[in-house]
Amino acid sequence: MKELKQTTIDELTFVGIYRKNWQHVWRVCYAILKDQEIANGLTQDIFLYLWDKRETIRIEGPVENYLVRAAKLRTYEYIRNKSVRDRYAAWLYQFPEREADYTEQNVMLGDLAERVEKLLNQVTPQNRQIFNLREDGLTYKEIATVMNISEKAVEYHITRVLTFLRKNLSEFFVSV
């Protein structure tokens, strides 16, 4: 496995990385999702991100390891986002169709989702990554393995994010 030692990725280097690793990255995405189209899209997104960040990205260790990890994280993020959308749709179908309520709830939920996303962008990348893995349904032990940290560290990071979210989202919740 080749480590990327240069500070920027030129076009020739990128093409080599793409040709050598595209199929492996796709397989990682497909193994988790079992959907060829989505695996194709996520794989393209990963390489597009690499190309867009070619002048600033710093990859330590083998490029292949970076790409596999990126594939897993991007796939888990896709699953998390899909499950949120699916849960919201299922929640909406529970209620009688009253367009005014639906519109108001939809706006409020959109505001809440936007606020959560903005807040998550304020936490450290590691905190966000760990929180997203938790939202994907991974256990603390699985997250610790993926992130190469202790379970106690996972618990610490998740607690920090949840505390931060609770503190900054209090206006969305009604006290009983």
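A quick word on terms: on a 1 Å grid over the protein atoms alone, a pocket is an open set of points where a 1.4 Å probe fits, with protein on both sides within 12 Å along at least five of seven lines, and lining residues have an atom within 4 Å of a point. Points are joined across faces, edges and corners, and a volume is the space filled by probe spheres set on them. Bear in mind that this is a predicted model, where local features need pLDDT of at least 70 and side-chain atom pairs count only at pLDDT 80 or more, while totals for chains, interfaces and linings use all residues. Residues are numbered from 1 along each chain as its sequence is written, and side-chain values use heavy atoms, leaving out hydrogens and water.

The largest pocket comes in at about 890 Å³. Its lining has 24 residues, and Tyr49, Tyr66, Ala70, Leu73 and Gln129 are the closest to the centre. Helices H2 (36-52), H3 (63-93) and H5 (125-135) each give two or more residues to that lining; helices here are DSSP runs of H or I with at least four residues, numbered from the N terminus. H3 gives the most, with 8 residues. By class, the lining has 12 nonpolar, 5 polar and 7 charged residues (Ala, Val, Leu, Ile, Met, Phe, Trp, Tyr, Cys and Pro count as nonpolar, Asp, Glu, Lys and Arg as charged, and the others, Gly among them, as polar).

Next up is the second largest pocket, at about 730 Å³. Of its 22 lining residues, Val84, Arg87, Leu109, Ala113 and Val116 sit closest to the centre. H3 and H5 turn up here too, along with H4 (99-120) and H7 (151-168), as elements giving two or more residues. This time H4 gives the most, with 8 residues.

Now for the packing. H6 (residues 140-147) meets H5 at an angle of about 135°, their axes 10 Å apart; axes are lines fitted to C-alpha atoms over the stretch in contact, and angles run from 0 to 180 degrees between N-to-C directions. So H5 is oblique to H6 (under 35 degrees is roughly parallel, over 145 roughly antiparallel, 65 to 115 roughly perpendicular, the rest oblique).

H6 also packs against H7, at about 105° with axes 8 Å apart, so these two are roughly perpendicular. Tyr140, Lys141, Ile143 and Ala144 of H6 touch Glu151, Val154, Glu155 and Ile158 of H7, contact meaning heavy atoms within 4.5 Å.
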